[in-house]
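Please work through the following exercises with the sequence and the structure at hand. Each task is followed by a solution in steps.

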Amino acid sequence: MASENKQPKTNDQKRKTKPFMTSENQQKLEKMALKVREHIVRLSTDGGCFTGASLSCADLLVYLYSELLNVRPDNLQDPNRDYLFLSKGHDVPALYGTFVELGFIDKARLDQHLSTDDHIYWHPNRNVPGVEFHSGSLGHLPSVALGVAMDCKMRGQDNKIIVITGDGELNEGTVWESLLVASAHKINNLTLVVDRNHFQANVATEDLIPLEPMAPKFEAFGCEVRRIDGHDFAQLEDAFAALPFSDSKPSVIICDTVRGRGLPSIEARADRWFCNFSADEIEELLKELHSQVATTLTSETLTVR
Amino acid sequence: MNYEELIKQTALADERIVVMTAENRALIRNLPAVLGPRFIDTGITEQTLIGAAAGLALRGRVPVVHALATFLTLRAFEFIRTDVGIGKLPVKLSGFVPGFLSDGNGPTHQAIEDVSLMRGIPGMTVFAPADEADMVAMLPAIWASPQPAYLRVNTRPGTYEHAPFEIGKAEIVAEGTDITIITYGMLFEQTLVARELLQAQGKSVGLINLRSLKPIDEAALLDVVRRGSLIVTVEDHFITGGLYSILAEILLRHQLTARVLPLALEERWYRPGCLSAVLEYEGFTGHHIARRITEHLGESAQAIAEGPAVLENEFAE
């Protein structure tokens, strides 16, 4: 099973001595995550977006960009920056919402969603500052991130290379192929994070292609694994501050999350992956984010894939 | 100078070059000791190979990537298209044993749709040298270009002295008024033979070694069309999507027509065997090419002489 022991760290001593997350900090992150969820809800109309998959990932992205990653609007060309690759590209509303809150992009760009005047569409692309690489086709960015991690290692850097996959994405053999290669080459600056929201497009993962037990699978592929609650900022801090987990192995962090987290009316539902709500429903859902009282949705559920 | 020597010299002079392979080391077997961490073998993982190459290219490297042409262009096609193509990254693909060069392997290993697939990717460039000397002449420009590139690796020894290479320029070996043979890659040596055999029959025969399939030397092809000879496209590729298609696209774009005889593989994989046997069976020796052209002209091919024996392939895999 996933190791609960903290591995001794070989670099990044600053992180090692950083105190555990204060409640003040936690409140700040919760506030930001709520704003990011508002962006996600607002993008879920006029064509819609992958709402459920974005809401599960929002806390993770807020934590990473606010607390962990050495990536800011002013160092996006710095070769020593940390890298985040969003391999489950369909949760891009969570990424762009985070980018708005941290000043990477103007909020006005989100109003251009699905307009050909801009590049804000259902999957990430490098026309948006902060996006390291385009994604959308699942199972690609673990290998792209591997290449970046190999180069950073070759150049003796100690930056972090993080790639976020979905759990359904683990169906793709190339995720496992790239981990096999990463562990063979002892690429310990690479961290694969799984947004384990328990659903793939239309079906619960365990009802289609069961993934559990998940941690031993990654361990068998030569990775050092931790499993945490991906909505708990203190647990996120505890796990990510311990990177790299090993001197010689890639790290894996499985984040147990809830699809649709923050909207009780769509939480943990197989039929609310991609949503295209009416304007009235958006208003109700924005209230729901704050009240946590489920609203009544009348728009049809969509099976878009 | 051979392929390995060229890549070694290039990599030692340019830190950006990273040599990668999906465990196909035949051409680059001595490089691990020379390049150290800049030699990356990912094992039998063509998709991860390409994804990692894209990542290295994002960091400013120029990965020169090796795998068998079939598995590179087919297994990893979507990675090439999506990571290298959409990313517009300077990843240089070296496809080993393309076309007839995978002689005895059988249809699993026959890359005879590679030109079609690779040229369909926006921004991708496609090259097919006639022999090793041609390849060594072509590669410095291909590797120096900022564009992604696919190369049909060809290490066969040649006898023809090639002109300097320029991306997008064909090598006009000879001009002819009766027949013009247009070809690329390893069949160049057989078309040289075919040309001699036809000349011996009193024909005026032109020959073009295309070298660069994308960008294509459109001016050279249009020039041949306007001269009005029979055009013979010769390729170890499916008839769909290769040179015959490229020529047809150019003709239509210019609202032109021409007399064209395509010699290519139609709707089937080729019969596996030793290279000489494959060329014999499939009708692609110099002798067969000359006969097929003569018969197409409605003339007797009885007098066409036998050509020299086909040199067998050096590599099985």
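**Exercise 1. Identify the ring over whose face A:R226 lies, and give the distance from the ring centre.**

Solution. Step 1: apply the criterion, by which a charge sits over a ring if NZ of Lys or CZ of Arg is within 6 Å of the ring centre and within 35 degrees of the ring normal. Step 2: A:R226 is placed over the face of A:F245, 4.9 Å from the ring centre. Step 3: in chain B, B:R292 lies over the face of B:F284, at 5.1 Å from the ring centre.

The model is predicted: local features need pLDDT of at least 70 and side-chain atom pairs pLDDT 80 or more, whereas totals for chains, interfaces and linings use all residues. Residues are numbered from 1 along each chain as its sequence is written, chains are lettered from A in the order in which they are written, and side-chain values use heavy atoms, without hydrogens and water.

**Exercise 2. Describe the aromatic pair of B:F238 and B:W269.**

Solution. Step 1: rings of Phe, Tyr and Trp (its six-membered ring) pair if their centres lie within 6.5 Å; planes under 30 degrees apart are stacked, over 60 edge-to-face and the rest tilted. Over all chains, 17 aromatic pairs are found. Step 2: B:F238 and B:W269 have centres 5.8 Å apart and planes at 75°, an edge-to-face pair. Step 3: B:F238 belongs to strand 11 (residues 230–238) of chain B, and B:W269 to the loop between strand 12 (260–265) and helix 11 (275–282) of chain B, so the pair ties together parts 31 residues apart in sequence. Here strands (E, at least two residues) and helices (H or I, at least four) are DSSP runs, numbered from the N terminus. Step 4: buried means under 20% relative accessible area, exposed over 50%, and partly exposed in between (1.4 Å probe, protein chains only). B:F238, at 14%, is therefore buried, and B:W269, at 48%, is partly exposed.
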